[in-house]
Amino acid sequence: MTTRSNQTTFVSSVLLFLLLLHVSATSASLYDDFVQCLNTHPNSSASQIVIPQNNPSFTSTLRAYIRNARFNTTSTPKPVLILTPTTESHVQASVLCAKKLNVQLKIRSGGHDYEGRSYVSTEPTFVVLDLFNFRSIDVNAEAGYAWAQAGATLGELYYRISEKSETLGFPAGICPTVGVGGHVSGGGYGNLLRKYGLAVDNVLDALIVDVNGKLLDRKTMGEDLFWAIRGGGGGSFGVILSYKLKLVPVPETVTVFRVMSYTESNATDVVLKWQEVAPSTVDDLWMRMLVQPVSSPTKKGTKTVRISVLGQYLGNSNQLVSVLGKEFPELGLKKEDCLEMSWIESVVWWNDGSTPNTTKPEVLLDRNLDQASFGKRKSDYMQTPISREGLESLWNKMIEGKTGLVFNPYGGKMAQIPASDAPFPHRTGNLFKIQYSVNWDDGGEEAINMYLNQSRVLYSFMTPFVSKNPRSAFLNYRDLDIGVNDFGKDSYEQGKVYGLMYFNDNFDRLVKVKTAVDPENFFRNEQSIPPLPSKA
């Protein structure tokens with residue numbers, strides 16, 4: 001028995017060695033071919049931007065922008081090369097050479113894709129085009145716009161805006177380390193969405209490198225492609241280098257608050273009323289609600305559900321307390337619950353709850369590299385409120401696991417923009433969006449499978465309450481559970497499964513744009529837009 005076991009171990013070791021040898025040979029060969037190809041293009045400085053697997057900086061470069069530890073394991077597929085361009089011509093040459101060498105190109109701006117699709121692939125050979133050097137931000141406060149490169153972070157964008165103006169902001173996400181490129185191209189949102197809509201509703205222009213290596217702006221790419229990269233996901237159509245963003249007015253004083261309650265007190269009443277008020281209140285107010293299974297503060301050894309309402313009001317605390325006193329007395333908001341601050345200080349508060357006297361806005365410039373916990377996210381849209389009975393059944397289900405829910409209210413400006421205005425379709429008729437969120441620290445396979453399963457069980461439980469035909473989802477809360485594409489003969493049908501959930505009636509227009517600009521499907525990932533099958 002021991003001999004057979006030793007033989008099996010030996011055979012496994014030999015196979016692993018041969019596999020590593022093959023990968024190493026592939027890497028070396030592709031590196032030589034890539035460098036040779038890049039050198040045929042002017043100003044490409046090939047050797048400086050190509051990092052093969054045997055380069056000492058390969059692992060640190062790859063890990064720097066991995067934001068989910070599920071995709072930072074020894075078994076996670078690795079790119080054969082990482083390309084780190086610093087100029088537009090580098091990107092153009094990288095696209096042309098990857099196309100010539102028939103190798104998949106993954107594009108990473110901030111690395112926050114929840115399923116790691118910007119740096120992991122199901123294809124055996126792929127390279128990552130890492131845009132972290134594309135981080136310049138040019139703010140023109142007088143004209144009310146900013147050009148932000150794809151690899152800049154939201155924190156850097158907000159900080160640079162605040163350097164030029166105390167009364168301008170931009171309606172994008174809360175997490176400061178998210179990259180501009182992926183966030184904007186996927187329809188990113190934040191706490192200004194009820195006042196100003198999504199990031200994509202405030203895009204004026206863009207620069208993109210297409211499949212032919214051409215650098216295009218809004219005028220030269222045309223309105224169809226410009227429409228597509230405002231919420232259809234950039235990775236399907238080209239390499240987005242930068243966006244021209246319309247800045248929006250913010251008051252000198254904004255007010256933030258956090259109020260908590262538990263289901264053994266009045267949390268159910270709060271949630272019932274929140275569903276009515278949060279999507280319909282004044283546009284200046286946005287109230288996110290966190291719904292989390294926790295240990296009970298009153299009954300030792302039991303679990304309960306905690307409700308946290310976090311709000312931002314574009315105005316002072318007296319105005320806010322007056323509004324919510326009339327509309328939402330169940331919340332019980334008092335003036336002492338409120339914090340008044342500048343808009344840029346509120347950005348810091350949303351990130352980590354810190355106040356202006358403890359944390360300065362410079363913290364937004366910290367990219368927090370190579371920091372990741374294990375996590376899973378999913379999404380849903382709510383078009384009718386959940387009843388008291390439904391909520392009570394939800395609380396009982398949630399305390400079985402660790403997965404929390406984040407309720408993000410719509411209404412306001414979101415209800416005024418037509419669903420076809422950008423690829424992001426979830427507008428009027430949607431009360432709020434739900435994010436399913438679970439994080440953990442144990443990297444073992446058993447723990448990973450347990451938490452992934454918990455999120456799926458809760459998602460299944462929510463089926464009666466959420467949108468239908470299709471059951472909608474949010475692209476930037478990437479979820480491979482809802483479907484993937486292997487781009488075989490059924491690629492359109494496979495794409496339609498997740499495409500209708502993410503884009504509803506806008507999916508077919510995205511397919512037409514894709515077919516026009518990238519018919520051979522060079523720019524692809526496991527959930528990208530498929531082209532129509534060729535008629536050959």
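Predicted model: local features only at pLDDT ≥ 70, side-chain atom pairs only at ≥ 80, totals over all residues.
Me: Where does Asn202 sit, and is Asn202 buried or exposed?

Reply: Asn202 belongs to the loop that runs between α7 (193-196) and β8 (203-209). Because buried means under 20% relative accessible area, Asn202, with a relative accessibility of 4%, counts as buried.

Me: Which residues is Asn202 in contact with, leaving aside its neighbours within four places in sequence?

Reply: With those neighbours set aside, the contacts of Asn202 are Phe170, Pro171, Tyr196, Gly197, Lys244, Leu245, Lys246 and Val248.

Me: Why is helix α10 described as largely enclosed by the rest of the structure?

Reply: Helix α10 spans residues 267-277, and eight of its 11 residues are buried, so the rest of the structure largely encloses it. The buried residues of α10 are Ala267, Thr268, Val270, Val271, Lys273, Trp274, Gln275 and Val277.

Me: How should I read the packing of α10 and α13?

Reply: In general, two packed helices are described by the angle between their axes and by the distance between those axes. Here α10 and helix α13 (residues 388-398) pack at about 125°, with their axes 10 Å apart, which makes α10 oblique to α13. The crossing of α10 and α13 is right-handed. On the α10 side the contact is made by Thr268, Asp269, Val271, Leu272 and Gln275, and on the α13 side by Arg388, Leu391, Glu392 and Trp395. By type, the residues of this contact between α10 and α13 divide into four nonpolar, two polar and three charged.

Key:
Residues numbered from 1 in each chain as written. Heavy atoms only, no water. Helix = DSSP H or I, 4+ residues; strand = E, 2+ residues; numbered from the N terminus. Buried < 20%, exposed > 50% of the residue type's maximum accessible area, 1.4 Å probe, protein only. Contact = heavy atoms within 4.5 Å. Axes fitted to C-alpha atoms, helices over the stretch in contact; angles between N-to-C directions. Parallel < 35°, antiparallel > 145°, perpendicular 65-115°, else oblique. Left-handed = near helix turned anticlockwise from the far one by under 90°. Nonpolar A, V, L, I, M, F, W, Y, C, P; charged D, E, K, R; others polar.
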